[in-house]
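Please look over the helix packing and the chain contact. My notes follow as numbered points.

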Amino acid sequence: MNATASTALFLLACVLLAPLIAAVILGFIGDRPGARLFNVAASTVTAGAALLLAAHIIKHGPVLALSEAFHLDALSALVLAITTFVTLTTSLHSVDYMHTECARGRFSRAQQRIYHAMFQFIAFALGLALSANNMGILWVAMEGATLATVLIVSLDRSRPALQAAWKFFVLCGVGILQALFGTVLLYMAAERVIGADEGALLWTHLAAIRTRLDPQIITLAFALLFVGYGTKMGLVPFHGWLPDAHAEGPTPVTAVLSGLLLGVALHAILRCKILADGALQTPVAGQLMIGFGLLSVLLAALLLARQQDLRKLLAWSSVEHMGILAIAFGLGGAAATLAGLMHLLGHALVKSGLYFSAAQAVQWSGTGQISGIRGLLGARPTLAWSLLLGTIAILGLPPFSLFPSEFMTISILLQRMPWAAAALLVALVIAFASITLQVRNMTLGEAQVEAAASPGPGHHRVGPLKRIDAIVGAAPALVHLAIALLLGLALPAWAENWLRQAVAVVAG
Amino acid sequence: MNALALQFIDLLAAVSLLLAFALLIQRRFSAMIDFYATQSLVLVITTSLAGWMTGQRHLYLSAALTFVLKVVLIPVLMHTLLRRLHLDSTVDTVVKLPTTLLMGLLLVIFAFGVARPIAQLSTALASGTLGIALAGVLIGFLMMITRSRAIPQVLAFLAMENGVFLAATGVTHGMPMVVELGIAVDVLIGILILGVFLSHLHSAAPSPGATAREGDGA
């Protein structure tokens, strides 16, 4: 084994083992005050190793480690980097969040242990889902992430939380079983070509023989895999769990769910699509994605205006963006894939940032209802600005990076399927209007008097201290926005190189 | 000899489908758990038989794993849960049972229609199993939709999982061992979570075995 390979192996071990070990440790000490900082430290190690690993992959090419059990290329490195980075900022946000919630006595000591352990376990499962070469292990990791999320959504044991978690458990369970059936069929198709051995489920082997896979089996397999991982991704009509789970879970986890779990599920679908495209030689897989993507955007646009809970509003906006992503990747080709990857990055950053702000707004006002949050700009200016800027970014306005990605997607769609582009544009305008209206009311509306009745800890401070508190609290969201802004203004050369390599993996 | 064993596998698959129907229309929780355990036992026999025919050693391991987990552990856990929470009552179905049965029949026809062209391509043992396995998964899905209480929904989930494993045994030579182990761990954790959930829902509310549909919004 040469030096570069062992460096990659070491970094990969850090990415996977750091969260796993931290999860075990936090299972025991997660209720101590230091646990929140330990959580941040573990996430820092993971994110640092993931970024170094990504840099390694861009420079030296794909990594194949431990007798082909793990495989990372530019595409998975991209998703892994953004996943671990957002996990890190989420753990920072979580320090402040848990401090406030625990001061209010919302979580018992056991619940704090579960929270921290599951936080790290989700990070581990997502890392495994991205780095596993075996399609079966990918499935196991996705299911593991689901189960950990179920535990964490139901954390405060209130009836709505338990029901939301149950719905999540049942719907995602059913969905993911379809994906398992799809995996079995994939194995069957591969077995016909390379025979029954352990290698028949390895993605690298499958990709090598993808043009020889039987089209009939692969059609059914892709349909099942798409339904399965599409449920995870929150595509309509498999989205039933998403708004409830997002509204009931602790908000830091919601940010992870929305920004990351959905993205990792999309990564799984992309892997399957690469195989399906190779085997079928027709754009069936892409058309399936465009169809469900359009359906998601349309339904989300219509329902956005009706949402009364801030976190549900953001959840429906996630459904909308997952629809746009499905359309972008469904279109295929280098340009649309590039737009899709940019959108994936932008959405992960901006949406999780918005959830951080939403969490603080909810803690400030004591209610998740949009009608209960008023006059944010007067009372908490930093928070109000991060919410406003986040909204501008998520709506796809310049100068943030979601603008070029959405613009590219729409213009390519306009060339290929003008009618679909028209429908998409109408939906985006409706979504734009609804979100703008709701956020305007929250930030600019009449200042709220009763908000002072339930201040969180830290708000008794006066003067400069209060100011610093506000800025530190808003920092993760603002950092995310700043990166989205930079990506929107000018892509650095190394990032462009990275994206090109990732595009080459998907679009061939 | 081999032809006889092949026919036997087809017969077992048919029995498994019959048990899926029995699960679909059974009203009592404890009987449902027993049907599930029986279905799992059929799966164990099928898997070992397939292992004996193809000489694939790891199928025996898979059969042993299924036996410990799905014939013994999960049914025992669920029976304990029922007794502790006094849950054994009749099921409230969303759709009337005869209608459900009819829908199940249609699903079987659909499953066979979808599976036929693919099953012919199978290099492994019994090509009829794929249709039956797909039908089993779809019936589990139907059960998930038509039942509103937690225990039947979980059994539906587990029955679907049995269907997938039947497909894996019949159509391929079983999944690689790592994958099977991972799936087993996931299923076990899922059942434990169910136990925690039901206990909490039970202690939180006067009506036990809570529904997943209450307050179901958009």
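1. In chain B, helix α1 (residues 2–25) and helix α2 (residues 29–54) bring their axes within 9 Å and cross at roughly 165°. Axes are lines fitted to C-alpha atoms, for helices over the stretch in contact, and angles run from 0 to 180 degrees between N-to-C directions. Helices are DSSP runs of H or I with at least four residues, numbered from the N terminus. The angle therefore makes α1(B) roughly antiparallel to α2(B) (over 145 degrees).

2. This is a predicted model; local features need pLDDT of at least 70, side-chain atom pairs count only at pLDDT 80 or more, and totals for chains, interfaces and linings use all residues. Residues are numbered from 1 along each chain as its sequence is written, with chains lettered from A and ligands numbered from 1 in the order written.

3. The residues joining α1(B) and α2(B) include B:Phe8 and B:Leu12 of α1(B), and B:Phe35 and B:Leu43 of α2(B). Contact requires C-beta atoms, placed from the backbone, within 7 Å. The classes are 19 nonpolar, 5 polar and no charged. Nonpolar covers Ala, Val, Leu, Ile, Met, Phe, Trp, Tyr, Cys and Pro; charged covers Asp, Glu, Lys and Arg; the others, Gly among them, are polar.

4. Between chains, 39 residues from chain B meet 36 residues from chain A. On chain B, α7(B) gives the most, with 12 residues. That side of chain B has 27 nonpolar, 9 polar and 3 charged residues.

5. In chain A, helix α12 (residues 310–331) packs on helix α13 (residues 333–365) at about 170°, axes 8 Å apart. So α12(A) is roughly antiparallel to α13(A). Their contact divides into 15 nonpolar, 7 polar and 2 charged residues.

Key: Helices (H or I, at least four residues) and strands (E, at least two) are DSSP runs, numbered from the N terminus. Angles under 35 degrees count as roughly parallel, over 145 as roughly antiparallel, 65 to 115 as roughly perpendicular and the rest as oblique. Two residues are in contact if their C-beta atoms, placed from the backbone, lie within 7 Å.
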